[in-house]
Amino acid sequence: MEKNILKFKTSINCGGCIAKVTPYLDSVKGITKWEVDTTDKNKVLSVISDEVVESDIVNAVQQAGFKIEKIN
């Protein structure tokens, strides 16, 4: 099955933030792997997934208390 890579600009900017968002993102079905580049000024969240719905990722990050928007 083809994997999709979705990228989002976020406000997740440190290890503590990543720890906070981890249980939310880990609970989204279909995510194979995800990571946040905290060295990038846009704090880019990259999600490798199969069949995960973009809105599920956005909701998970927002529930954890962070801003998120899709990057084209």
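Let me start with K70 and F8: K70 lies over the face of F8, 5.8 Å from the ring centre. A charge is taken to sit over a ring when NZ of Lys or CZ of Arg is within 6 Å of the ring centre and within 35 degrees of the ring normal. Please keep in mind that this is a predicted model, in which local features need pLDDT of at least 70, side-chain atom pairs count only at pLDDT 80 or more, and totals for chains, interfaces and linings use all residues. Residues are numbered from 1 along each chain as its sequence is written, and side-chain values use heavy atoms, with hydrogens and water left out.

Strands here are DSSP runs of E with at least two residues, helices are runs of H or I with at least four, and both are numbered from the N terminus. Strand 1 pairs with strand 4, residues 68-71, in the antiparallel sense over four bridges; two strands pair if DSSP finds at least two bridges between them. In strand 3, F8 stands opposite L45, and strands 1 and 3 run antiparallel, joined by six bridges.

Let me turn to the hairpin. Strand 2, residues 31-37, and strand 3, residues 44-49, pair in the antiparallel sense over six bridges. Six residues separate the two strands of this hairpin, and K43 in the turn has a positive phi of about 50 degrees. On strand 3, I48 is the bridge partner of K33.

How many salt bridges does a search of the whole structure find? It finds one, and this joins the side chains of E35 and K33 at 3.7 Å, N to O. The criterion is a side-chain nitrogen of Lys or Arg within 4 Å of a carboxyl oxygen of Asp or Glu. E35 is partly exposed, at a relative accessible area of 46%, and K33 also counts as partly exposed at 46%. On this scale buried means under 20% relative accessible area, exposed over 50%, and partly exposed in between, with a 1.4 Å probe and protein chains only.

The largest nonpolar core has 20 residues, and L25, L45 and I57 have the most contacts inside it. Such a core is a set of buried Ala, Val, Leu, Ile, Met, Phe, Trp, Tyr and Cys residues joined through side-chain atoms within 4.5 Å. Two or more residues each come from strand 1 (4-10), helix 1 (15-26), strand 2, strand 3 and helix 2 (54-63). Helix 2 gives the most, with four residues.

L45 lies in strand 3 and is buried, with a relative accessible area of 0%. Its C-alpha atom is separated by 10 Å from that of I18, 27 residues apart along the chain. A64, in the loop between helix 2 and strand 4, is also buried, at 3%. The C-alpha atoms of A64 and P23, 41 residues apart along the chain, are separated by 8.8 Å.

Finally, the annotation. An unreviewed UniProt entry lists residues 3-69 as "domain: HMA"; UniProt positions are given in the numbering used here, feature names are shortened, and annotations may be inferred rather than shown by experiment. Over residues 3-69 the chain is 33% helix and 33% strand, with the end C-alpha atoms 20 Å apart.
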